[in-house]
Amino acid sequence: MFGRCADHPRSGNAGRMRHTGAMIAMLAAFMASFALLIPDQASAQQRNTVSAIEIDVGPLRARGVGVFADLLHDSLRAELQSRYAIAADAPRLQVTLNSFFLNSSTSLDNNSGGSFGMSLQPPLDDLGGEARLVGRDGRVIDSYRLRANNPATTGSHRPSPEREQIRARALTEVFAGWVARRY
């Protein structure tokens, strides 16, 4: 290669030009991909709207869930508020949580009978409930029953009880995501 440059004095400039062209193309591609990561104003304003977000954890309290009922209430409210805009003329979003389960097994079990003794699925935590859109006249516009699952291995690197709180919050994030997809 060095011999060719010595034989052809103009090939050095051509090589630099190709190199510069390639760098410009890479820079343009990088900037184009970066632009895709920045949300435009139109899509940022297309959040679903509700007039209020109401969360009922009474069924969980009746089942003896205890302090987790308050944690689930507050966490789910925060998750839903981050996904919805509030507008006075919109329907109300009512969510009732009626089941909550944190799996006692928080690690992958090699004895679950999958191929080669490996587990096909990690143990799951579960949060169940119902979401309803209620119109201004009190009429239920739509109702959606939902069970959200998340791996029980979430937060496994944290000490207990912090680990259980992380797992409960992770369930509300999944639950809120599915509600927001529906409404």
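1. V65 first. This residue counts as buried because its relative accessibility is 17%; buried means under 20% relative accessible area, exposed over 50%, and partly exposed in between, using a 1.4 Å probe and protein chains only. V65 sits in the loop between α4 (58-62) and α5. Beyond its neighbours within four places in sequence, V65 is in contact with L60 and F100, where contact means heavy atoms within 4.5 Å. V65 and F101 are 36 residues apart in sequence, with 9.3 Å between their C-alpha atoms.

2. Basis of the values. This is a predicted model, in which local features need pLDDT of at least 70 and side-chain atom pairs count only at pLDDT 80 or more, while totals for chains, interfaces and linings use all residues. Residues are numbered from 1 along each chain as its sequence is written, and side-chain values use heavy atoms, with hydrogens and water left out.

3. Overall make-up. The protein has six helices and six strands. These are DSSP runs numbered from the N terminus: helices are H or I of at least four residues, strands are E of at least two. Along the sequence the pattern reads α-α-α-β-β-α-α-β-β-β-β-α. Of the 183 residues, 31% are buried. Among contacts with a separation of 6 or more, 70% join residues 24 or more positions apart.

4. The α5/α6 pair. The axes of α5 (residues 67-83) and α6 (residues 162-182) come within 9 Å and cross at roughly 40°. The two helices are therefore oblique to each other. Angles under 35 degrees count as roughly parallel, over 145 as roughly antiparallel, 65 to 115 as roughly perpendicular, and the rest as oblique. The crossing is right-handed, meaning that the near helix is turned clockwise from the far one by less than a right angle. On the α5 side, the contact includes F68, L71 and L72; on the α6 side, it includes A168, T172 and F175. By class, this contact has ten nonpolar, four polar and five charged residues.

5. A168 in α6. A168 lies in helix α6. It is buried, with a relative accessible area of 0%. Not counting residues up to four places away in sequence, A168 touches F68, L71, L72, F100 and L102. A168 and D126 are 42 residues apart in sequence and 8.9 Å apart in space, C-alpha to C-alpha.

Terms used
Axes fitted to C-alpha atoms, helices over the stretch in contact; angles between N-to-C directions. Nonpolar A, V, L, I, M, F, W, Y, C, P; charged D, E, K, R; others polar.
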